[in-house]
Amino acid sequence: LTLSSGGWTVVRKSILIGLLLLVAAVAAVRVLLPGFTERRANTVAEHAPYPIAAASRDLHQRLTVLDWHTDSMLWERDFLQHSARGHVDLPRLQAGNVAIAVLTTPTMAPFGQNVDSNAADAGDMLTALVVAQGWPINSWDSLLQRALHQAQRLRGFVAAAGGQLRWLNSAADLRQLLAARNAAGLAGEQPPIGVMMGTEGSHALEGNVDNVDVLFDAGFRMMSLQHFFDNRLGGSLHGIEKRGLTPFGRDVVQRIHEREIILDVAHSAPAVVRDVLAMSERPLLVSHTGVYGNCASARNFPDRLMQEIAVGGGLIAIGYWKAAVCDITPTGVAAAILYAVNLVGEGHVALGSDYDGGTRVAFATDELAVLTQALMEAGLSESAIRKVMGENSVQFLLHWLPAG
């Protein structure tokens, strides 16, 4: 086939136009899809502004608030700026008087995700989000790299925050943060907020126990074992077999303990939890959950298992979404917390919002004073409120983080 010079010009123009259209389509996906996805995934139920009594607001401002579970680093937005979407960012943490936030790293989620039964080969619905958000190519097919990228993103925000965010690796870091917050309060200044990294399941290990060390070196100080499906470590609460720990799972638990990483059993099958309890001298954390006796959901452990975790010195961190607490209103979340306090004792209950984790809640981070008020109205003492909102968690970390 022979084309004239004019014909080749038409071909070149057509190719150029096609390339420009392709670039425009990719750019549109890159810009529009992540925001569209998050606006549908992380929502706040419509409500009138919550009226907060002066006494409730005063108590809330005197609390040390710690949230064990928020997935904000999954979403490609500026964590340092107030966002119109999602549940958590630095300005909203400041407005909610949050002292410490544990940022968790989802790396894989099955299509058709549900709390009852998910197959391990159901495919991964996070891959499209990872690609659309322009994450590094090595994270497209590596769950380890997805976790490390989220940690790197948080480090970037800490570096750019002008001292308003502080990375927590050790008990010494936490003591320094608490001292800095106290000094800032006395000076009438904005106190810094501590951030800590945790995994959402151990899929990022990619079957290699030495990757526990890789994650530790990257700053991870909390690790959970499962997410929504059974994995190489053992069964998920929402998996098919719901089996106990595998030999590989036992090796991982042992390595986690050796590195003094907080072990989170949220999403693990009860058989896994009991296996871990039987081999552990360190207490366990359930980073985001409800309790079955309060909310009969497949998302929640039976009451007896929660008591076993507490007897071992563990913490039960109550979340704010429907599958955990059934009633997501501030009154409903307070009722779930009160139930847990009555079940396991006020020294073993904490907060684990699951903010930015594909959840619908009734209050975002900047509205947390409404939860303090609801706990007061539920009859919880000021001492118990202080413990639940953060003091239990701070003492847990001071004791069980690496000394530093």
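1. Start with Glu38. Leaving aside neighbours within four places in sequence, Glu38 is in contact with Trp75, Arg77, Arg85, Gly86 and Asp356. The residue sits in helix 1, which spans residues 5-41. Its relative accessible area is 0%, so Glu38 is buried. Keep in mind throughout that this is a predicted model.

2. Asp356 is not a glycine, yet its phi is positive, at about 60°. Its place is in the loop between strand 10 and strand 11 (360-361). Relative accessibility is 0% here, so Asp356 counts as buried.

3. Asn97 is found in the loop that runs between helix 3 (90-95) and strand 3 (98-105). With 7% relative accessibility, against a cut-off of 20%, Asn97 counts as buried.

4. Next, the largest nonpolar core. This core holds 91 residues, and the members that touch the most others are Leu165, Ile337 and Leu371. Its largest share comes from helix 12 (residues 330-344), which gives eight residues. Apart from this core lies another, of 21 residues; Trp68, Ala317, Ala350 and Leu401 are among them.

5. What does Leu165 touch, leaving aside its neighbours within four places in sequence? The partners are Phe79, Leu80, Leu90, Phe157, Val158, Ile193 and Val195.

6. Helix 13 (residues 369-377) is mostly covered, with seven of its nine residues buried. The buried residues are Ala369, Val370, Leu371, Thr372, Gln373, Ala374 and Leu375. They pack against helix 2 (54-61), helix 12, strand 10 (349-351) and helix 14 (382-400). Just after the helix comes Gly379, with a positive phi of about 95°.

7. Two helix pairs are worth checking on screen. Two packed helices are described by the angle between their axes and the distance between the axes. Take helix 10 (residues 303-311) and helix 12 to begin with. Their axes come within 9 Å and cross at roughly 65°. The crossing is right-handed. Helix 10 brings Asp303, Met306, Gln307 and Ala310 to the contact, while helix 12 brings Tyr339, Leu343 and Val344. By type, the residues of this contact divide into five nonpolar, one polar and one charged. An α-helix has 3.6 residues a turn, so residues three or four places apart point the same way.

8. The other pair is helix 8 (residues 247-258) with helix 9 (residues 270-279). Here the axes lie 11 Å apart, and the packing angle is about 50°. The two helices are therefore oblique to each other. Helix 8 and helix 9 also cross in a right-handed sense. Arg250, Val253 and Gln254 of helix 8 meet Asp275, Val276 and Met279 of helix 9. The residues of this contact divide into three nonpolar, one polar and two charged.

9. Is Gln150 buried or exposed? Its relative accessibility is 0%, so Gln150 counts as buried. The residue lies in helix 5 (residues 143-160). Leaving aside neighbours within four places in sequence, its contacts are Met73, Leu74, Thr104, Thr105, Pro106, Thr107, Trp135 and Met197. Gln150 and Met73 are 77 residues apart along the chain, but their C-alpha atoms are separated by 5.4 Å.

10. Last, a loop residue. Asp210 is placed between strand 5 (193-199) and helix 7 (211-217). Its relative accessible area is 41%, so Asp210 is partly exposed. From Asp210 to Met108 the C-alpha separation is 20 Å, and the two residues are 102 residues apart in sequence.

Terms used. Residues numbered from 1 in each chain as written. Predicted model: local features only at pLDDT ≥ 70, side-chain atom pairs only at ≥ 80, totals over all residues. Heavy atoms only, no water. Axes fitted to C-alpha atoms, helices over the stretch in contact; angles between N-to-C directions. Helix = DSSP H or I, 4+ residues; strand = E, 2+ residues; numbered from the N terminus. Parallel < 35°, antiparallel > 145°, perpendicular 65-115°, else oblique. Left-handed = near helix turned anticlockwise from the far one by under 90°. Contact = heavy atoms within 4.5 Å. Nonpolar A, V, L, I, M, F, W, Y, C, P; charged D, E, K, R; others polar. Core = buried A, V, L, I, M, F, W, Y, C linked by side-chain atoms within 4.5 Å. Buried < 20%, exposed > 50% of the residue type's maximum accessible area, 1.4 Å probe, protein only.
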